[in-house]
Amino acid sequence: MRRTVTDVVVIGGGGAGLMTALSAARLGRSVVLLEKNPKLGGTSGMSVGSISASATRQQRAAGIEDTPDAHFEDMPKFHGSRLANRDNPALRRILVDTMPETMRFLSDLGLVFMNPVPEPPHRVPRLHQVLPHSGAYIYLLSKACRKEGVDIRTSSPARRIVMEAGRAIGVEIDGPVGPELISARRGVVLASGDISAAPEEYRSRHLPPEMSGIAAINTTSTGDGQKMGEAVGGSVVNGDIAWGPEIRFVAPPTASFITRLPPVTGFARLVKAMMGLLPQSVLRPFLMSFVTTYLAPSHGLFREGGILVNKRGERFCNEQDQPHYAMTQQPDHVAYILLDSATAAKFTDWPHFVSTAPGVAYAYLPDYERNRRDICFKADTLDGLAAKIGVPAEALKQSVETYNAGERGERPALGAGPYVALGPAKPWIVFTEGGLTINEDMQVVDKSQTPIPGLYAAGSAGQGGLLLEGHGHHLGWAFASGRIAGRNAAFNAIADSQ
Ligand SMILES: Cc1cc2nc3c(=O)[nH]c(=O)nc-3n(C[C@H](O)[C@H](O)[C@H](O)COP(=O)(O)OP(=O)(O)OC[C@H]3O[C@@H](n4cnc5c(N)ncnc54)[C@H](O)[C@@H]3O)c2cc1C
């Protein structure tokens, strides 16, 4: 078998893996980064791109006083008693304490963030949205890695961690030219993402049965790191917790011209400057054109009178009672949100937003009409709308009649057109929270909490029971844990056999 010898091997080319590789390489170590897909990015590159952090330059510039201690206290308010006793406060402490420095590190790499926005129950605005979109993390981190000499190998899935005398000493891969052993003199870091798209047989060992069959947004998040870690004595914690199932609109079918441009720092700075100068009417369509991700329709759409219909034009559930589960029983798991003109008219202004959206914070129907014509349809009549979304008109009209004649609680009947349909929308597992059990040095530990020598984990693969509720904590953890894992693997003593 071919063999390469290096100091540190990183498995995964998303946010955590790139940060790990950069951190180790800047300490003078040789690093091989393995990415199984043809392109870097992972879920990090598909994300909205927001990060929650305290004591940042951006907060200070906006006159916001904040501390890691306040951040530490606010984080558990997101899950309250729902997940009491499931958190890892030691890792939460590490996250909040290292985020100010991590944000400085990212800013120094050239990443540009919007002014922080509020997200209660955070006591102050802490949510930092990257500009122009999350691809900037991958672009700038991989550029910095290349500059430091990291050997980045795409289309190179890691298959197995090689152990010798109880220590991780390398990784077997299926490289583009065949099998290869990458020997790691100092450490192997698992940064391979979550388990949301693992084969059902593996998912069902961790996730609750009602999530069976629900698609993952990132279809390549197959839990490889968790499986490889378990195979050498590690264990998965919080494997039953997932973000979802959640209804989201499908992503735009093709990337806009703007999102295909390299997300260089100068462009991001220009976008930020424009945000302070241009009127909303000009700015909103521009900012919405950066949106590449899967947006989640607001529950307000259903509360105010929107109904869900499937591809057969049939209403199939009470939209206010966990509709995502009923959607999994519909053809292709797909549904459209149908609004009459009165409800549609409401969703043009605060507080009636269609979804949140990066850059503009909240997106309204006019934003969708302008920027998301692939999922926003309008017609004067139900017949016309049925033709536009490709469902049988008679069934659609019957669904509206039955809904109007039935028990609706506080919700209004569907009245006159023009009608709007938003969709297709589908139920997804957005991501999962189950990561390997790690200690505060990001070392993977075995069932007796003893570190497995030479083996580290970061990001989702190394979530270690840390609860990351609210927005912006997952990317925060990917970058913060990656920096620590990279540094510790770099400083680890060389394996005797190497
Ligand atoms: C639609 C969406 C929006 C989101 N928005 C936000 C947000 O705004 N803020 C936030 O904090 N979080 C957000 N998240 C969550 C966040 O993106 C992830 O939790 C985070 O990016 C995980 O980073 P990671 O580096 O651990 O994993 P990833 O970014 O998934 O990287 C893992 C990489 O490892 C590779 N890999 C896997 N197995 C192997 C193998 N065997 N060999 C080699 N390579 C392998 C994968 O292909 C992938 O590239 C969002 C998630 C989704 C789905």
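Me: Why is strand 9 called largely enclosed by the rest of the structure?
Reply: In this predicted model, 10 of the 13 residues of strand 9 (residues 178-190) are buried, so the rest of the structure largely encloses it. Buried here requires 20 or more other C-beta atoms within 10 Å of the residue's own.

Me: What makes strand 1 and strand 9 a pair?
Reply: Pairing takes at least two bridges between the strands. Strand 1 (residues 2-11) and strand 9 have 9 bridges in the parallel sense, so they meet the definition. Val 10 stands opposite Val 189 in strand 9.

Me: How do you know that strand 8 pairs with strand 9?
Reply: The two are joined by 6 bridges and run antiparallel; the cut-off is at least two, so they count as paired. Asp 174 has Pro 179 in strand 9 as its bridge partner. A hairpin of 2 residues links strand 8 (residues 167-175) to strand 9.

Me: What makes strand 22 a partner of strand 9?
Reply: Strand 22 (residues 451-457) runs parallel to strand 9 and is joined to it by 3 bridges. At least two are needed, so this is also a pair. Leu 190 stands opposite Ala 457 in strand 22.

Me: Which residues come nearest the ligand?
Reply: Of the 44 residues around the ligand, these are Gly 12, Gly 14, Gly 42, Gly 193 and Gly 459.

Me: Which helix gives the most to the shell around the ligand?
Reply: Helix 18 does, with 5 residues. Helix 1 (15-25), helix 2 (42-46) and helix 18 (473-491) each supply at least two.

Note on methods
Residues are numbered from 1 along each chain as its sequence is written. This is a predicted model: local features need pLDDT of at least 70, side-chain atom pairs count only at pLDDT 80 or more; totals for chains, interfaces and linings use all residues. A residue is buried if 20 or more other C-beta atoms lie within 10 Å of its own, exposed if 12 or fewer, and partly exposed in between; C-beta atoms are placed from the backbone. Helices (H or I, at least four residues) and strands (E, at least two) are DSSP runs, numbered from the N terminus. A residue is near a molecule or strand if its C-beta atom, placed from the backbone, lies within 6 Å of it.
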